[in-house]
Amino acid sequence: MKKTWALLLSVLLMAILVLAGCGSDDSKNSESSGNKESKDTFTVGMEAGYPPFNWTQSDDSKGAVAIQGNAEYAGGYDVQIAKKIADGLGKKLVIVKTEWDGLVPGLTSGKIDAIIAGMSPTAERKQTIDFSDIYYKSNLVLVVKKGSKYEGATSIADFKGAKVTAQLNTFHYSVIDQIEGVKKETAMDNFPAMRVALESGKIDAYVSEKPEAVSASAANNKFAMVEFADGKGFKTSEEDTAIAVGVQKNSDLTAKINEILKGISEADREKIMDDAIKNQPAAK
């Protein structure tokens, strides 16, 4: 009798182990399927609100890409660069619209694979994430209202007493301190907000990179860009005015992205930027 019970217990135990093994295989298969899906996509985060680098539009015209989770599309220079990188990686491009402050957390948490959003590879950011080689380089300017006393400025010193701001959590905001006697206004979340503030007269100027300033004045004839000769503008480092792709620390994507970027000539990059400025949505 004892032998019979022992045999039954042995059979039951084996059955449980077999079932457990099957469950484990299903879990592995499911995990493998998920990994395969993630490897087939290149998920990029951007504001979709910083023309001509990136913006939001209502359709897929001019090479725009659908934004994940809503009916909108993202267009602009960054989108075209992201498409080239995705093609080079052999993956499908997925755009995730993310507020500026959410881009680095989104990358470190794994929500996105890369940041392609007009982001500079500053020393502070390099403590948290890695960057690709530079894919665009620009310089800082000021955007003012056309016809204002600041339109003819030739030096940042001419902005003494002016109400000036820049985007929150960017080095653009810190360089305002280089203007002696400036009225440094509260930093703003994004460029559309600064454009509205400038047009309404709440501010006299905002700090920007040249492509955005060209874009702003092209989209709204009430704006003008003020550019400075050497020694008359903001003092910046090379990394401040460069733009690169943000990736996770020690990511194997870095070398692959760099190789793809090498294949995009300077002439092609300039044409992509010229097209982005031309194709941006008109000011509302």
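Is N169 buried, exposed or partly exposed? Select N169 and keep that question in mind.

**Before you start**

This is a predicted model, in which local features need pLDDT of at least 70 and side-chain atom pairs count only at pLDDT 80 or more, while totals for chains, interfaces and linings use all residues. Residues are numbered from 1 along each chain as its sequence is written, and side-chain values use heavy atoms, with hydrogens and water left out.

**Stop 1: N169**

N169 counts as partly exposed, because its relative accessibility is 48%. The scale is this: buried is under 20% relative accessible area, exposed is over 50%, and partly exposed is in between (1.4 Å probe, protein chains only). Look for N169 in the loop between strand 9 (163-165) and helix 5 (171-174). Its phi is near 60°, a positive value in a residue other than glycine.

Next, select N250. This residue also is not a glycine and has a positive phi of about 60°. N250 sits in the loop between strand 13 (242-247) and helix 9. With a relative accessible area of 73%, N250 is exposed. For background, most residues other than glycine have a negative phi, and most peptide bonds are trans.

**Stop 2: the whole chain**

Zoom out. The chain has 10 helices and 13 strands. Helices (H or I, at least four residues) and strands (E, at least two) are DSSP runs, numbered from the N terminus. Of the 284 residues, 45% count as buried. Take the contacts between residues at least 6 apart in sequence: 67% of them join residues at least 24 apart. Contact here means heavy atoms within 4.5 Å.

**Stop 3: the largest core**

Select F42, Y77, I85 and Y135. Within the largest nonpolar core, of 58 residues, these four touch the most other members. Such a core is a set of buried Ala, Val, Leu, Ile, Met, Phe, Trp, Tyr and Cys residues joined through side-chain atoms within 4.5 Å. Helix 2 (residues 77-89) gives the most to this core, with seven residues. A second, separate core has 21 residues, including L142, Y150, V164 and A166.

Stay on Y135. Leaving aside neighbours within four places in sequence, Y135 has contacts that include Y77, I81, I116, I243, L261 and R269.

**Stop 4: helix 2 and its partners**

Show helix 2 with helix 9 (residues 253-262). Their axes are 9 Å apart and the packing angle is about 110°. Axes are lines fitted to C-alpha atoms, for helices over the stretch in contact, and angles run from 0 to 180 degrees between N-to-C directions. Helix 2 and helix 9 are therefore roughly perpendicular to each other. Angles under 35 degrees count as roughly parallel, over 145 as roughly antiparallel, 65 to 115 as roughly perpendicular and the rest as oblique. On the helix 2 side, pick I81, K84, I85, G88 and L89; they meet L253, K256, I257, I260 and L261 in helix 9. This contact has seven nonpolar, one polar and two charged residues. In this count, Ala, Val, Leu, Ile, Met, Phe, Trp, Tyr, Cys and Pro are nonpolar, Asp, Glu, Lys and Arg are charged, and the others, Gly among them, are polar.

The axes of helix 2 and helix 10 come within 9 Å and cross at roughly 135°. This pair is therefore oblique. Y77, Q80, I81 and K84 in helix 2 meet R269, I272, M273 and A276 in helix 10.

**Stop 5**

Go to R195 in helix 6 (residues 191-200). R195 is buried, with a relative accessible area of 14%. Beyond four places in sequence, its contacts include P51, E212, S215, A219 and Q280.

In helix 7 (residues 210-219), the buried residues are P211, E212, A213, S215, A216 and A219.

Back in helix 6, select A193. At 30% relative accessibility, A193 counts as partly exposed.

**Stop 6: two loops**

Select P51 and P52. A cis peptide bond joins them, with omega about 5°. P52 is in the loop between strand 1 (41-46) and strand 2 (55-57).

Finish at T122, in the loop between strand 6 (114-115) and helix 4 (123-126). T122 counts as buried, at 11% relative accessibility. Not counting residues up to four places away in sequence, T122 touches E239 and D240.
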